[in-house]
Amino acid sequence: MDNLKQAPVPEEQKSTDCRILNECRIAFPSLSANEGYARACAAAFCAQLDPTATEISDIKCAVSEGVTNAIVHGYKDSIGEIIMTLRMLPDRVVKIEIRDKGCGIEDVSRARTPLFTTDPAGERSGMGFTVMESFMDSLRVLSNPGKGTKITMTKKFSLIPRNRR
Ligand SMILES: Nc1ncnc2c1ncn2[C@@H]1O[C@H](COP(=O)(O)OP(=O)(O)O)[C@@H](O)[C@H]1O
Ligand SMILES: [Mg+2]
């Protein structure tokens, strides 16, 4: 067993390259007016990859859902700080993190279930996490009830030549 643990990791099993090639961070109060600002920032950051219109639209939708959740659920009737970090990783992968220090989520897997919402009387559809999952390649949700929530999403951008879009 010990020998196994110390065996060198074969090249093809080595984890993906996580070097950060570029990183930007914005912090803003949880005002609904700032949802559009966060969306535009994420789109502008991804523009360096010369994305397709669909890719940009996917990023905007996912960020919009994540930030809206922090505003309407995380901070509910209060105003708190939201931090969004955008990272460029190798191989055209973008990693987006959205953090709040709001109420947190009691049961993350239930919250991620399609159509689940704690606000059925409001305008919510319970599809926010489902939208983020479908438009991005990965979604991780970490939450501490009473302390806040951090979501991390990644998306790998294609390399489609302009004349074939
Ligand atoms: N940042 C957050 N802070 C606290 N609760 C959250 C947060 N994000 C999501 N939730 C919880 O997860 C549920 C599901 O979120 P979502 O799929 O976006 O649906 P909706 O926003 O339409 O309710 C929300 O109703 C809420 O209870
Ligand atoms: Mg939502």
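View 1. Arg25 is exposed, with 11 other C-beta atoms within 10 Å. That count falls in the exposed class because the class takes in residues with 12 or fewer such atoms. The model shown here and in every view is predicted. Arg25 sits in strand β1. Leaving aside residues up to four places away in sequence, Arg25 touches Ile83 and Thr85. Ser134 is 109 residues from Arg25 in sequence, and the two C-alpha atoms are 24 Å apart.

**View 2. The whole chain.** The chain holds 5 helices and 5 strands. Read from the N terminus, its elements follow the order α-β-α-α-β-β-α-α-β-β. The C-alpha trace spans about 55 × 55 × 30 Å along its principal axes. Of the 165 residues, 28% count as buried. Take the contacts with a separation of 6 or more: residues 24 or more positions apart account for 65% of them.

**View 3. The open sheet.** The 5 strands form an open sheet, ordered β1-β2-β3-β5-β4. Pairing in the sheet is antiparallel. Which strands stand at the edges? They are β1 (22–29) and β4 (138–144). Each has a single partner strand, so one side of each has no neighbour in the sheet. On average, neighbouring strands are turned by 10° against each other, direction ignored. Strands of a sheet pair through backbone hydrogen bonds.

**View 4. Helix α2 against the sheet.** Helix α2 covers residues 33–46 and packs on the sheet. The helix touches three strands: β1, β2 (81–89) and β3 (93–100). The direction of α2 makes about 175° with that of β1.

**View 5. Strands β1, β2 and β3.** β1 and β2 pair in the antiparallel sense, over 8 bridges. Glu23 has Arg87 of β2 as its bridge partner. Arg87 also stands opposite Lys95 in β3. Follow Arg87 across the sheet, and these two pairings link Glu23 with Arg87 and Arg87 with Lys95. β2 and β3 pair over 8 bridges, again antiparallel. The two strands form a hairpin with 3 residues between them. In the turn, Asp91 has a positive phi of about 60°.

**View 6. Strand β5 between β3 and β4.** In the strand order, β5 comes between β3 and β4. β3 and β5 pair in the antiparallel sense over 8 bridges. β5 (residues 148–156) is joined to β4 by 7 bridges, and these two strands also run antiparallel. Which residue of β5 is the bridge partner of Glu97? The partner is Thr152.

**View 7. The hairpin of β4 and β5.** This hairpin has 3 residues between its strands. Gly146 takes a positive phi near 85°. Asn144 has Gly148 of β5 as its bridge partner.

**View 8. The shell around ligand 1.** How many residues surround ligand 1? The shell has 22. The closest are Asn69, Ala111, Thr117, Arg124 and Gly128. Two elements give two or more residues to the shell: α3 (53–74) and α5 (128–135). α3 gives the most, with 5 residues. By residue type, the shell divides into 7 nonpolar, 11 polar and 4 charged.

**View 9. Helix α3 along its length.** How does the span of α3 agree with its residue count? At 1.5 Å a residue, its 22 residues should span 32 Å. The end C-alpha atoms are 30 Å apart, which agrees. Lys76 follows α3 and has a positive phi, near 35°.

**View 10. Val72 in helix α3.** Val72 lies in helix α3. Is Val72 buried, exposed or partly exposed? Val72 is partly exposed, with 19 other C-beta atoms within 10 Å. Leu142 is 70 residues from Val72 along the chain, and their C-alpha atoms are separated by 18 Å.

Conventions. Residues are numbered from 1 along each chain as its sequence is written. Chains are lettered from A and ligands numbered from 1 in the order in which they are written. This is a predicted model: local features need pLDDT of at least 70, side-chain atom pairs count only at pLDDT 80 or more; totals for chains, interfaces and linings use all residues. A residue is near a molecule or strand if its C-beta atom, placed from the backbone, lies within 6 Å of it. Helices (H or I, at least four residues) and strands (E, at least two) are DSSP runs, numbered from the N terminus. Ala, Val, Leu, Ile, Met, Phe, Trp, Tyr, Cys and Pro count as nonpolar, Asp, Glu, Lys and Arg as charged, and the others, Gly among them, as polar. Two strands pair if DSSP finds at least two bridges between them. Axes are lines fitted to C-alpha atoms, for helices over the stretch in contact, and angles run from 0 to 180 degrees between N-to-C directions. Two residues are in contact if their C-beta atoms, placed from the backbone, lie within 7 Å. A residue is buried if 20 or more other C-beta atoms lie within 10 Å of its own, exposed if 12 or fewer, and partly exposed in between; C-beta atoms are placed from the backbone. The expected span of a helix is 1.5 Å times one less than its number of residues.
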